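Hi everyone, thanks for making time.

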Amino acid sequence: MEKKRLSKALAAAGIASRRACEEIIFMGRVQVNGTTVKIPQTLVDWENDRILVDGASVRGEQKKVCYMLNKPKGLICSSARVGRKPIILDLFPASHERLFTIGRLDRDTTGLILVTNDGQFAQQVIHPSSNIIKEYLVKTMQEITAEHLETLSQGARIDEKWVRPVSVQKVRKGTFKICVKEGRKHEVRIIAERAGLKVTELTRIRIGGLLLGSLAPGEFRSLTETDKKVLFS
Ligand code: URA
């Protein structure tokens, strides 16, 4: 059987995106044939090597799936459970292929998120060269003024980097839409806060060309090949 780099093999087995698999390996969470391996380039094959992640055996490649989900409020985007807090994967049957979210939404954010076991597809979506824009609908305590819109459009410093939205648009009194390219933690909330706005509801309504549409909170469906094309359009 053809040998593959460990990080690639783990991504193909649906553990996480390739980059995230590298991190998992660097952290010393992966064992190959009983030895902790911290080098992502290590060559492995599923027939001859026994691979464990966090002590659990990993099976070879699985059928690739990808779902679009309307994330309800209160669920955490994490593959690992911390305490008894509900996580997104609770919405999927336990028998399901090892799934993870592509990027994250805050616990209190609702809306469109992709859930997959396909590390390569996840990498493609996340990669900056894909240029995928995410659109959010934001409800605030205050009425949006022209000054708010001006400050929002300037963006904010997040993790030492200045993040500027692609566009900002008032929808009605206390609601605006914002489009961003980056995928930084709390980015929309931080940008809103810098403009002096208190966010009461945050919903992701679009990823690339893919719209949340009429999916109810907690509902998910498989992405079709057409959806995938639309996503990158
Ligand atoms: N920006 C945020 O502030 N939170 C999210 O959940 C997503 C984008």
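Let me start with a question: which residues does Gln123 touch, not counting residues up to four places away in sequence? The answer is Ser17, Arg18 and Arg19, where contact means heavy atoms within 4.5 Å. Gln123 sits in helix α3 (residues 119–126); helices here are DSSP runs of H or I with at least four residues, numbered from the N terminus. Gln123 counts as buried because its relative accessibility is 14%, and buried means under 20% relative accessible area with a 1.4 Å probe, protein chains only.

A quick word on the ground rules. This is a predicted model, where local features need pLDDT of at least 70 and side-chain atom pairs count only at pLDDT 80 or more, while totals for chains, interfaces and linings use all residues. Residues are numbered from 1 along each chain as its sequence is written, and side-chain values use heavy atoms, leaving out hydrogens and water.

What about polar contacts, meaning pairs of N or O atoms within 3.5 Å? A side-chain N or O atom of Thr109 is 2.8 Å from a ligand oxygen. On the backbone, a polar atom of Arg189 lies 2.9 Å from a ligand oxygen, and an N or O atom of Glu187 is 3.3 Å from one. Taken alone, the ligand exposes 240 Å², and the protein buries 97% of that, by the Shrake-Rupley method with a 1.4 Å probe.

Technical notes
A polar contact is a pair of N or O atoms within 3.5 Å; within protein, one must be able to donate a hydrogen and the other to accept it, and residues adjacent in sequence count only if both atoms are side-chain atoms. Helices (H or I, at least four residues) and strands (E, at least two) are DSSP runs, numbered from the N terminus. Buried means under 20% relative accessible area, exposed over 50%, partly exposed in between (1.4 Å probe, protein chains only).
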